[in-house]
Amino acid sequence: MAVIDIRKAELADVPRMAHIAFSAWDTGIRPLLDEKPGQRDSERLRLSHAAASNWQNGVVATIDGIVVGWCCRSRRRNYIPFLFVMPDMQGHGIGARLLNRMETMLELEGAERVLLETPADNVRAVRFYERQGYHILALRTAARAAHEPFMSVHLEKELHPFDGEIGED
């Protein structure tokens, strides 16, 4: 596989980020849901908005300059609301690299733990997070616009916050 680069997201990445998010949802989450009229369009809009609203707190993975995945954190919490990798690129360590970079950024800010969630029926994602050192905290029923209620898995990972000063050499 080609070299995977991780960098800070840029405004110009937003359309590609939205495309990746929808593609990952369409192949990974949509099959778990009961299809409803307008659901795909509604989700495409929601994920486009998510990419546009969160790129400033995100990192992207690129291969040969093409964005193939992204991850972001919440502005005020140690919470990762989005991690997406193009479906045909999943299973190659891209998600793990993105998650690790975000965790490192949180550790440098002094975070002691990080939280995230994923649909409980998305067994592949739950297992991925467990392999990355996350532990299940709770199962919750959640309802969102354009979705029927589904069970989500809330996960947590203990971090090792940076303790000290970052000085110049």
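## E103 and its partner K157

E103 counts as buried, with a relative accessibility of 5%; buried here means under 20% relative accessible area, exposed means over 50%, and partly exposed is in between (1.4 Å probe, protein chains only). E103 forms a salt bridge with K157, and their closest N and O atoms are 2.9 Å apart. The pair links distant parts of the chain, with E103 in helix α3 and K157 in strand β8 (residues 150-158), 54 residues apart. A salt bridge, by the way, is a side-chain nitrogen of Lys or Arg within 4 Å of a carboxyl oxygen of Asp or Glu. K157 is buried too, at a relative accessible area of 17%.

Before going on, a word on the model: it is predicted, so local features need pLDDT of at least 70 and side-chain atom pairs count only at pLDDT 80 or more, while totals for chains, interfaces and linings use all residues. Residues are numbered from 1 along each chain as its sequence is written, and side-chain values use heavy atoms, with hydrogens and water left out.

## E107, a charge without a bridge

Now look at E107, which sits in helix α3 (residues 94-108). E107 is buried but has no salt bridge. Which side chain of opposite charge is nearest to E107? That is K157, 7.0 Å away. Leaving aside residues up to four places away in sequence, E107 touches L159, H160, P161 and F162; a contact means heavy atoms within 4.5 Å.

The structure holds eight salt bridges. In one of them, D26 pairs with R40, and the closest N and O atoms are 2.7 Å apart. D26 lies in helix α1 (residues 14-28) and R40 in helix α2 (residues 39-54), so this pair ties together parts that are 14 residues apart in sequence. D26 counts as buried at 14% relative accessibility, whereas R40 is partly exposed at 32%.

Another salt bridge joins the side chains of R73 and E109, at 2.4 Å from N to O. Here both partners are in loops: R73 is between β3 (66-72) and β4 (79-80), and E109 is between α3 and β6 (113-119), so the pair ties together parts that are 36 residues apart in sequence. R73 is buried, with a relative accessible area of 10%, but E109 is exposed at 55%. There is also a network of salt bridges that links R7, E10 and D13.

## The whole chain

Time to zoom out. The chain has four helices and eight strands, and from the N terminus on they run β-α-α-β-β-β-β-α-β-α-β-β. Helices (H or I, at least four residues) and strands (E, at least two) are DSSP runs, numbered from the N terminus. Among contacts between residues at least 6 apart in sequence, 63% join residues at least 24 apart.

With 169 residues, a compact globule would have a radius of gyration near 15 Å, and the chain's 16 Å agrees with that. This radius is taken over C-alpha atoms, and the globule rule is 2.2 Å times the number of residues to the power 0.38. The C-alpha atoms fill a box of roughly 60 × 35 × 30 Å along the principal axes.

## Inside, outside and charge

Of the 169 residues, 44% are buried. The chain exposes about 9,700 Å², and carbon and sulfur atoms supply 51% of that (Shrake-Rupley method, 1.4 Å probe; for residues, only the protein chains shown count as cover).

How values were computed. Lys, Arg positive; Asp, Glu negative; His and termini not counted.
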